[in-house]
Amino acid sequence: MPRKGMRSLCFSPKHSSSSTFSHSPSPSRFGFSPSRPSFSDSAMDRTLDLADPIINKWNPETTTFARVTSLFYENRREARDFIKTVNNLQRAMHFFVMENSSSDKLARAQNLMQIAMKRLQKEFYQILSMNRAHLDPESVSTRSSRTSIASSSSYNDDDVDEEAEAEAADGSISEVEDASMAAMSDLRLIAECMISSGYAKECLKIYKIIRKSIVDEGIYKLDVEKLSSSQIHKMDWEVLDLRIKNWLSAVRTAVQTLFNGERILCDEVFASFDSIRESCFHEIAKEGAMLLFAFPENVAKHGKKSPEKVFRVVDMYTGIANHWPEIESIFSFESTTAIKSQALTSLVKLGEFVRAALDEFESAIQKESSKSPVAGAGIHFLTIEAMDYLSNLADYSNVLADILANSPPSAKKNLPETYFGFSDSEELPAPAISVKMAWLILVLLCKLDTKAKYYKDAALAYLFLANNLQYVVVKVQTSNLKYLLGDEWVTKHEGNVKQFAANYQRLGWGHVMDSLPTDPTAVAPEKVAEIFKKFNSAFDQANRKQALCVVHDQKLRDLIKVSIARKIVGLYREFYNANREKITGERYSASVVRYAPEDVGHHLSDLFFGAGSSSSFQSSPSHSRRPRSR
């Protein structure tokens, strides 16, 4: 009597390969017409007779040879004959089902099929396990794109050897790639045979267990671990910064190699079964991918939003944004939408973090409360720190442009265009990042205006403004800020520097120039000595006061000194040459004429180096320049 409850031939097999049919399946589910196929009884008998020795040769329960030998490693040609035999056996079973579902021949065929499936399970497991090096994501990802791999719906068994020979002959394919391709080819043959024979669950169970362990191990080796919101919130910045650095390295490897290679392998092995390869890849990759892409969101949501952390956050944003086309391609299945959504959510939250941190930076400038004037009217520490920060931000201009695209500063709307120094109109709006940078510098300059009021001497206040604005302008010119703000901005603020310098000269040295007559040649002899004395007093007073001043920027320093010297030395030389002889014979003439024109010039040339200093900064301030972390 035929065996009852024999294995179903449908595409939804039972969990165990030893389970049996519970009913006779509908032949139409296998692509066969309900009408009688054109196979003769004797042909089916021959199929069984041919299949029996081929399949039983590799029955691990009957021969020691079959237990210790791998079919696909021993003889790949014989392995392909084995697969063809199983496919023929399946067709014979269809015939027997339609002829007589209770025949002994069907029972014999089912027994052979179970032996064959156990063999193929063993081979499938061995290939996956023993070829971990050849099937690791890095090796697999070096292959051609998934599009070319999965373009055909199924393999033609007769073409396999030809393909393998062609690939082996290609000198550009390395031995590792060749072994990888051979293993994938074998896995695909086995998977298609098992799934078509109704053993999909057994096949997928083996595949998922082994491949998921590889992905999970890869994520672990990349040092990606699950951190709770409270852990991140309580974490010291130095520790969190190290975690972020690890993540930046991990996301590149995970996307380009780990998940990309796994998707390629899955597409290759299950190329003929779209729903299977989708569900398979989803189950293998989801846990690791969600863990990878959730980390940036947790940092953005629960990390402290301080300005100095912006650079690492922007690096994370870049890490996802730069790989977004690959992320979309790798996780293109509908079942992996949640993974893409998580990556996109992280991008959004990172952008929110950056905008909040920039607002905090602006607030920090406005709240800076030091009231002590900078010695020598030099550069305020706030100017140095703020411009270093902004110039470093400008290195990330492409990413920041994306982050700030929809969030221009609202305060800008209430200010005239001249406050920004570049054109920005509704017809031709400036990029949001340019407006943001201009706004933050404007906030800084307004703060410096407040700082200047702490100087009791108006001349020093203007020199302070000239020094600090020059530092700002040079920082813009020597960084990527120049591309964001443009020549118009630079020209406008260079003009402001010159205006501040002119006001300093007028207030700091104007009384020296006023001590000399407008027409040096029309001075009465009795007034000459008095004028010399007034000049000496005014020059001494100005020189003493301004000797403590410092102008760090060489270009600005030379500009101020040349301008002062041109006005004072020129006028004094003309007066000196016209009137010096009028008092040469007088008593105490040496005390009256204390300075020759050259002496005045020498004194002026020593100015603006600060007390006891003759060194200077060059025109390219580079204090505390943060190295770019890419």
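This report covers the fold, surface, cysteines and salt bridges of a predicted model.

## Basis of the model

The model is predicted, so local features need pLDDT of at least 70 and side-chain atom pairs count only at pLDDT 80 or more, while totals for chains, interfaces and linings use all residues. Residues are numbered from 1 along each chain as its sequence is written, and side-chain values use heavy atoms, with hydrogens and water left out.

## Fold and surface

The protein has 25 helices and zero strands. Both are DSSP runs numbered from the N terminus: helices are H or I with at least four residues, strands E with at least two. Among contacts with a separation of 6 or more, 80% are between residues 24 or more positions apart; a contact means heavy atoms within 4.5 Å.

Of the 630 residues, 51% count as buried. Buried means under 20% relative accessible area, exposed over 50%, and partly exposed in between (1.4 Å probe, protein chains only). The protein exposes about 29,500 Å², of which carbon and sulfur atoms supply 51%. Accessible areas come from the Shrake-Rupley method with a 1.4 Å probe; for residues, only the protein chains shown count as cover.

## Cysteines

The structure holds zero disulfides, a disulfide being a pair of cysteine sulfur atoms within 2.5 Å. For Cys 193, the nearest cysteine sulfur is that of Cys 203, 9.9 Å away. Cys 203 in turn has the sulfur of Cys 280 as its nearest, at 8.0 Å. Cys 193 is buried at 2% relative accessible area, and Cys 203 is buried at 0%.

## Salt bridges

A search of the whole structure finds 30 salt bridges. The criterion is a side-chain nitrogen of Lys or Arg within 4 Å of a carboxyl oxygen of Asp or Glu. One of them pairs Glu 78 with Lys 57 at 2.7 Å, N to O. This pair links distant parts of the chain, 21 residues apart: Glu 78 is in helix H4 (residues 76-99) and Lys 57 in helix H1 (residues 41-57). Lys 57 is partly exposed, at 38%.

Asp 359 and Lys 436 form another bridge, with closest N and O atoms 3.4 Å apart. Asp 359 belongs to helix H16 (residues 337-367) and Lys 436 to helix H19 (residues 432-452), 77 residues apart. Asp 359 is partly exposed at 43%, whereas Lys 436 is buried at 7%. Shared partners also join Asp 241, Lys 245, Arg 312 and Asp 315 into one salt-bridge network.
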